[in-house]
Amino acid sequence: MSPRRNQPRGRGKQQRRRETDDGAAERFGLERTELWRGEDWVVRRVGGGAAVKHYRCPGCDQQIPPGVPHVVAWQQHGAVDDRRHWHQACWNARDRRGPRPLRSRNAPRF
């Protein structure tokens, strides 16, 4: 039995190199700037292997468990403590969502 190939057959080096150059910033967690509500926000994708803590998503008010890829966003001129961890889908739908649901008085915080 021959060993498993890491790359599928039939793809040239040029095509592989072009794909890695185009999406490198998206895949490796480099920051990008997005405009939202008239302010610049710095957005960074966090891969599942780099997510090691529990976070609360401000979009849906649910937990983001460790190991789940997500987005970290903060205002460009804001403090480091203002970073918020969002689910990718919640960040994409932030303009279409209403205010987050409120918990009842007896509901647990986490």
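**Notebook: salt bridges, core and cysteines**

I began with the salt bridges, and the count came to three; a salt bridge here is a side-chain nitrogen of Lys or Arg within 4 Å of a carboxyl oxygen of Asp or Glu. I note that this is a predicted model, in which local features need pLDDT of at least 70 and side-chain atom pairs count only at pLDDT 80 or more, while totals for chains, interfaces and linings use all residues. Residues are numbered from 1 along each chain as its sequence is written, and side-chain values use heavy atoms, with hydrogens and water left out.

**Entry 1. The salt bridges**

I looked up glutamate 31 and found it in a salt bridge with arginine 44, with 2.2 Å between the closest N and O atoms. Glutamate 31 lies in the loop between helix 2 (24-27) and strand 1, and arginine 44 lies in strand 2, so this pair ties together parts that are 13 residues apart in sequence.

I then checked exposure, where buried means under 20% relative accessible area, exposed means over 50%, and partly exposed is in between (1.4 Å probe, protein chains only). Glutamate 31 is partly exposed at 46%, and arginine 44 is also partly exposed, at 27%.

Next I turned to glutamate 34. Its side chain meets that of arginine 32 in a salt bridge of 3.0 Å, N to O. Glutamate 34 also meets the side chain of arginine 94, at 3.1 Å, N to O. Arginine 94 is in the segment after helix 3 and glutamate 34 is in strand 1, so the pair ties together parts that are 60 residues apart in sequence. I recorded that Arg32, Glu34 and Arg94 are linked in a network of salt bridges. Both arginine 94 and glutamate 34 are buried.

I listed the secondary structure of the protein as three helices and six strands, in the order α-α-β-β-β-β-β-β-α along the sequence.

I examined strand 1 (residues 32-36) and strand 2 (residues 39-46), which pair in the antiparallel sense over five bridges; strands pair if DSSP finds at least two bridges between them. Glutamate 34 has tryptophan 41 of strand 2 as its bridge partner. The two strands form a hairpin with two residues between them, and arginine 37 in the turn has a positive phi of about 55 degrees. Arginine 37 counts as exposed, at 67% relative accessibility.

**Entry 2. The cores**

Which residues make up the largest nonpolar core? I defined such a core as a set of buried Ala, Val, Leu, Ile, Met, Phe, Trp, Tyr and Cys residues joined through side-chain atoms within 4.5 Å. The largest has 11 residues: Trp36, Trp41, Val43, Cys57, Cys60, Ile64, Val71, Ala73, Trp86, Cys90 and Trp91. Strand 2, strand 5 (70-75) and helix 3 (88-92) each supply at least two residues of this core. Apart from it lies another core, of five residues, including Val42, Ala51, Val72 and Trp74.

I followed isoleucine 64 through its contacts, a contact being heavy atoms within 4.5 Å. Leaving aside neighbours within four places in sequence, isoleucine 64 touches Lys53, His54, Tyr55, Cys57, His70, His85, Trp86 and His87.

Cysteine 57 is buried at 0% relative accessible area, and cysteine 60 is buried at 16%.

I placed cysteine 60 in the loop between strand 3 (55-56) and strand 4 (63-64). Cysteine 60 is 31 residues from tryptophan 91 in sequence, and their C-alpha atoms are 9.8 Å apart in space. Aspartate 61 lies in the loop between strand 3 and strand 4 and has a positive phi of about 60 degrees, although it is not a glycine. Aspartate 61 counts as buried, at 9% relative accessibility.

**Entry 3. Totals**

Among contacts between residues at least 6 apart in sequence, 45% join residues at least 24 apart.

How values were computed:
Helices (H or I, at least four residues) and strands (E, at least two) are DSSP runs, numbered from the N terminus.
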